[in-house]
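I opened this entry to look up one annotated site and the fold around it. My notes follow the order in which I checked things.

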Amino acid sequence: MKIKCVLIDDEPLAIKVLQNYFTNFTDFEVIATFNNSLEALDFINSTQVDAVFLDINMPMMTGFELISLIESKTKVIITTAFREFAAESYDLDVLDYLVKPIPLPRFIKCINKITTEYNLKNNIKVENAKGDSHIFIKVDKKMMKINIEEILFVEGMKEYIKVVTPDKTYITHKSLTSLSEELPADRFLRIHKSYVIALNKVKSIEGNRVQIQSYNIPIGRNYSKDVKNKILE
């Protein structure tokens, strides 16, 4: 079942940007777009909508006024060029506040929030503590979906990282620390300044190296005690 979204903005380009972002996320579906608040309100109150992306400065009726008239418990995400309304928006219990121009990494964080809320609302069991069974990374201008369970290890390479799975290796422009924060801490461990490994993929430990499939991965001196405690516990 897809998460159904509605986009409301009086700027066609702003809607186009979000539509392009959504093409990378197959679990989501944009079911309608509006540049008129009144038409949008009628649609939201008569249709099953999971999330609304809403601009504040709209003609006829502001985004805040529209929120107060939404009858369902639809999650609302504010999209605006103005940072100063953030406090006011959270008083209205919005799920997120995105400032234009919206960077893709920030949009992905919002998508993860929506997914978590959707799973809780619908009693959908998730596969890890962070509420996701996958991550998205940008490879050759595409957002690639990678199942967390398939990841063997992640290697840092200066400004890039390498995500290794049994069938494929993905290289993306991102820091190792940033990606490791997206992975469940009970299933992944940093064993070296340049490596994060999947604990359940470890085949053996010999000296200062961990073997995962055919890969021999070094254990950093500063990580040695913690690594052996976690793997051998």
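I counted two residues as in contact when heavy atoms lie within 4.5 Å. The model I worked from is predicted.

Entry 1, the annotated site. I started from the UniProt record, an unreviewed entry, which annotates Asp55 as "modified residue: 4-aspartylphosphate". I then looked up the contacts of Asp55, leaving aside neighbours within four places in sequence. Asp55 touches Ile8, Asp9, Asp10, Gly63, Thr79, Thr80 and Lys100. I found Asp55 in strand β3, residues 51-55. Is Asp55 buried or exposed? Its relative accessible area is 4%. Buried means under 20%, so I noted Asp55 as buried.

Entry 2, the sheet. I traced five strands in an open sheet, ordered β2-β1-β3-β4-β5, with parallel pairing. Which strands are at the edges? They are β2 (28-34) and β5 (96-99), and each pairs on one side only. I read an average twist of 20° from one strand to the next. Strand β1 (residues 3-8) runs parallel to β2, and six bridges join them. I noted Lys4 opposite Glu29 in β2.

I looked up the division and found domain 1 (3-122) and domain 2 (140-232). Their centres, taken over C-alpha atoms, are separated by 35 Å.

Methods: Residues numbered from 1 in each chain as written. Predicted model: local features only at pLDDT ≥ 70, side-chain atom pairs only at ≥ 80, totals over all residues. Heavy atoms only, no water. UniProt positions renumbered as here; feature names shortened; annotations may be inferred. Helix = DSSP H or I, 4+ residues; strand = E, 2+ residues; numbered from the N terminus. Buried < 20%, exposed > 50% of the residue type's maximum accessible area, 1.4 Å probe, protein only. Domains from an automatic or database assignment. Pairing = 2+ DSSP bridges. Axes fitted to C-alpha atoms, helices over the stretch in contact; angles between N-to-C directions.
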